[in-house]
Amino acid sequence: MVRHEFIRIFKYGLLGGSSFFLHAGLAYYLLIVIEKSPVIANSIAFITTAVFHYIISRIFVFEAPDTLQTRWRYILIIVFNLFLTNTVIVGIIRLAEFTEWTAVLISILILPFSNYLLLGMWVFKDKLDVSK
């Protein structure tokens, strides 16, 4: 069981790294190159990355079936996390006076830890077998 969980965490780390670069790259392009607002840039990048993240999490990390219940749970997490990241972005810009780009990066770095717990303990929990 410990080995199996270590492998899952390692796979999640790989997914997290690729998701970070996808989210950050797209947000940078939208924010800096196209000059969209930080909330719009983050929202577009976040949703794009969320679709990628769901597919790879389900197939590669948690090896779970694609069920309607799993999709709805994931959508609830996405809505919550999108609200959280955009709130963090606006708060950082207004209160701490960081640049918009720095605020977006900080908001992206918050996600991996809570996401792993929420995905493993709720979204894909029906698939996870603790006897492995």
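With 132 residues, a compact globule would have a radius of gyration near 14 Å; the chain has 16 Å, which agrees. That radius is taken over C-alpha atoms, and the globule rule is 2.2 Å times the number of residues to the power 0.38.

This is a predicted model: local features need pLDDT of at least 70, side-chain atom pairs count only at pLDDT 80 or more, and totals for chains, interfaces and linings use all residues. Residues are numbered from 1 along each chain as its sequence is written, and side-chain values use heavy atoms, with hydrogens and water left out.

The fold has four helices and zero strands. Its order along the sequence is α-α-α-α. Helices (H or I, at least four residues) and strands (E, at least two) are DSSP runs, numbered from the N terminus.

| Property of the chain | Value |
|---|---|
| Accessible surface (Shrake-Rupley, 1.4 Å probe) | about 7,900 Å² |
| Carbon and sulfur share of that surface | 74% |
| Buried residues | 36% of 132 |

Buried means under 20% relative accessible area, exposed over 50%, and partly exposed in between (1.4 Å probe, protein chains only).

Contact means heavy atoms within 4.5 Å. Among contacts between residues at least 6 apart in sequence, 72% join residues at least 24 apart.

K11 sits in helix 1 (residues 2-33). K11 is buried, at 16% relative accessible area. Beyond its neighbours within four places in sequence, K11 touches F60, V61 and E63.
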